[in-house]
There are 2 protein chains.
Amino acid sequence: MDSRIREHAETLVDWSARIESGDTVVVSVGEGAHDLAVAVAEKLGERGAEYHPVYASPEMSRAYLRAHDGDFSDGSDIEVALYDKADSVLSLRGTRNTSASADVSEETRQAYGKSRQESREVRMDTDWVSTVHPTRALAQQAGMSYEGYCDFVYDAILRDWEALAEEMSQLKQILDDGSEVRIHKAGDETDLTLSIAGRTAVNSAASVAYDSHNLPSGEVFTAPTATEEVRFDVPMTIRGTQLRNAWLAFEDGEVVDYSADQGESVLGGIIETDNGARRLGELGVGMNRGIDRVTDQILFDEKMGGTVHLALGRAYDANLPEGESGNDSAVHTDLITDMRTEGTELRVDGELIQRDGVFRWEEDFE
Amino acid sequence: MDSRIREHAETLVDWSARIESGDTVVVSVGEGAHDLAVAVAEKLGERGAEYHPVYASPEMSRAYLRAHDGDFSDGSDIEVALYDKADSVLSLRGTRNTSASADVSEETRQAYGKSRQESREVRMDTDWVSTVHPTRALAQQAGMSYEGYCDFVYDAILRDWEALAEEMSQLKQILDDGSEVRIHKAGDETDLTLSIAGRTAVNSAASVAYDSHNLPSGEVFTAPTATEEVRFDVPMTIRGTQLRNAWLAFEDGEVVDYSADQGESVLGGIIETDNGARRLGELGVGMNRGIDRVTDQILFDEKMGGTVHLALGRAYDANLPEGESGNDSAVHTDLITDMRTEGTELRVDGELIQRDGVFRWEEDFE
């Protein structure tokens with residue numbers, strides 16, 4: 001076993017999820033994530049935790065969803081009962097085919113997604129962490145060799161998380177103190193004003209101790225409402241379909257128009273899921289400079305230094321004032337805009353924070 | 001996908017588990033059982049059932065058990081909660097290495113097995129069914145080519161279960177009416193008297209409708225107590241270790257002496273698990289003539305026509321009078337004796353039922 005798989009497992013169990021003796025841990029294993037699952041099981045044994053392994057198979061889901069008549073009963077009592085007993089849920093992604101469920105209809109997906117809302121909420125009340133094990137399918141999607149992709153993944157994951165958390169705390173402070181974010185790109189249909197008053201930004205340092213649930217991470221995010229318009233120029237695959245050059249226009253925080261050069265119907269499907277899917281749940285600012293390229297995997301792309309992402313749908317409680325419920329939805333879909341273009345600015349309450357993708361505290365800032 | 005995989009899934013879901021719309025089904029997926037899992041998910045979708053997939057990975061278990069300090073807390077609340085919500089549990093076995101956990105100590109296995117007792121009981125209160133998907137590892141263990149092994153498996157599984165159930169009902173009647181079974185083999189240390197008074201035999205026709213939980217099946221079994229001695233001449237692999245020519249001697253229903261040409265320590269480990277492991281939980285009579293050879297896989301071997309098996313450990317409630325609790329144990333280990341040797345008899349209350357492995361109602365009976 002590549003020694004980095006064991007390091008990955010150790011980072012996940014100790015730094016990210018903070019597993020302790022006696023914890024009950026659900027381990028969700030993707031079809032291609034077996035080796036990481038074995039390393040994680042070893043760490044959980046060492047820590048004296050108890051684990052329950054779930055098989056997260058897109059091929060099973062596809063077969064099930066296509067065969068089902070589409071009338072999904074609400075509830076999923078069994079998963080509610082499961083996650084209710086879990087202290088942590090570790091999702092080990094790692095698909096063998098990124099298009100494994102490309103032929104499941106949007107309508108079926110949405111109906112199924114809605115029926116699972118309660119179990120999703122209970123799962124998100126645990127100390128959950130999502131990570132990814134490198135597979136050939138993911139390497140292919142990134143346009144990289146398998147060995148090259150493994151290097152990329154472990155460079156992004158096996159970092160000095162304490163040092164990055166320290167750097168990110170600066171931006172968290174600015175966003176916590178601020179009430180309005182403006183993102184403007186020259187020569188592009190992006191001029192977005194986001195209200196973040198009263199919201200708390202999360203210093204997402206890849207640990208539940210920071211309210212951060214992704215490994216790798218390296219972003220600061222909050223829950224905004226938006227006006228104006230924004231162009232997402234980072235291509236991505238959503239639900240097995242390519243989405244390119246998406247554009248959203250907002251009025252009173254709600255999407256009133258949208259388009260995309262490719263994948264417009266998938267974008268429409270997301271927006272039409274429910275009322276919450278028409279509003280933003282997240283503004284995230286990527287700060288992981290260890291991620292040096294777009295690989296068409298949201299877990300990595302959205303953390304890339306010099307990008308900003310917005311999510312349609314569900315907001316995270318961590319960003320909200322105590323007791324306030326934020327934007328609620330069955331979806332949470334991130335869309336990314338690259339800020340590393342000339343004439344691009346990110347301002348908080350009028351103050352320049354980032355120009356052309358470079359933060360004002362970074363060396364290259366001009 | 002081999003069309004027999006879909007037929008297998010259909011037999012499992014419809015004939016064996018009798019899944020209906022709205023049922024909640026746990027699907028436990030072995031490392032090598034992915035293709036069957038996809039076919040089962042499709043059938044569950046068609047039937048309108050809900051499913052929760054569990055990843056049953058011996059490599060994860062091995063890593064966990066070897067890393068753990070061995071002090072397992074009782075409870076496994078999370079699995080109790082899970083199985084408590086399940087109507088059915090479908091275990092799709094199919095290992096990629098039959099020796100995957102050969103280097104886990106007996107002591108650790110036993111301690112872990114004991115700590116899981118409650119969740120095992122709750123699981124066995126569901127309509128559970130175990131089946132196996134053919135893998136190259138299982139073919140290798142059987143000493144067969146992969147294609148040849150697939151033919152063997154589907155010949156055993158895709159049978160006329162209604163007709164076999166009809167034939168087996170004869171033996172069930174004899175055992176239900178009888179109070180003493182005697183198994184005697186000439187020139188072998190086997191002369192066993194088993195008390196079965198008051199016990200109900202199960203016509204194990206591979207369906208929960210018959211209190212039968214294995215696919216394939218094809219045996220009639222009951223819960224006995226034993227005296228004298230028995231030699232098990234069918235070799236098998238138990239917990240990754242070869243067991244050959246095991247021998248047990250009983251007094252007052254309890255094992256008082258044992259030996260084996262190979263694997264004696266594994267046999268000892270089983271017997272020493274707990275008090276119930278020293279007593280018999282099952283007498284089973286194989287009646288599936290579609291299984292024509294020993295493949296070192298208990299799910300098949302114990303159903304083979306012309307064999308008899310005895311299990312050390314836990315008895316099935318279905319064999320017991322209402323309200324009576326039978327032999328209780330953390331283990332249930334089947335051992336097989338081949339009756340197809342000259343001078344072998346199986347009698348119930350003195351009456352000859354089978355000679356040299358041939359039932360008295362079969363053509364070849366002399």
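Me: Why is B:Glu351 called partly exposed?

Reply: Its relative accessible area is 43%. Buried means under 20%, exposed means over 50%, and partly exposed is what lies in between (1.4 Å probe, protein chains only). So 43% puts B:Glu351 in the middle class. This is a predicted model, where local features need pLDDT of at least 70 and side-chain atom pairs count only at pLDDT 80 or more, while totals for chains, interfaces and linings use all residues. Residues are numbered from 1 along each chain as its sequence is written, chains are lettered from A and ligands numbered from 1 in the order in which they are written, and side-chain values use heavy atoms, with hydrogens and water left out.

Me: What makes B:Arg360 and B:Glu351 a salt bridge?

Reply: Their closest N and O atoms are 2.6 Å apart. The rule asks for a side-chain nitrogen of Lys or Arg within 4 Å of a carboxyl oxygen of Asp or Glu, so this pair passes. B:Arg360 is partly exposed too, at 33%.

Me: What salt bridge does A:Lys303 make, and is the pair buried or exposed?

Reply: Its side chain meets that of A:Glu302, at 2.8 Å from N to O. Both residues are buried. Over all chains, the structure holds 48 salt bridges.

Me: Why is the pair of A:Tyr64 and B:Tyr51 called edge-to-face?

Reply: The ring centres are 4.9 Å apart and the planes stand at 65 degrees. Rings of Phe, Tyr and Trp (its six-membered ring) pair if their centres lie within 6.5 Å; planes under 30 degrees apart count as stacked, over 60 as edge-to-face and the rest as tilted. So 4.9 Å makes them a pair and 65 degrees makes it edge-to-face. A:Tyr64 lies in helix H3 (residues 58-67) of chain A and B:Tyr51 in strand E2 (residues 50-56) of chain B, so the pair joins two chains. Both tyrosines are buried.

Me: Why does A:Asp125 count as exposed?

Reply: Its relative accessible area is 67%, so it clears the limit for exposed. A:Asp125 is found in the loop between helix H6 (117-124) and strand E4 (127-132) of chain A.

Me: Which residues are linked in a network of salt bridges with A:Asp14?

Reply: A:Glu10, A:Lys43, A:Glu46 and A:Arg47. A:Asp14 is found in helix H1 (residues 3-16) of chain A and is partly exposed, at 26%.

Key: Helix = DSSP H or I, 4+ residues; strand = E, 2+ residues; numbered from the N terminus.
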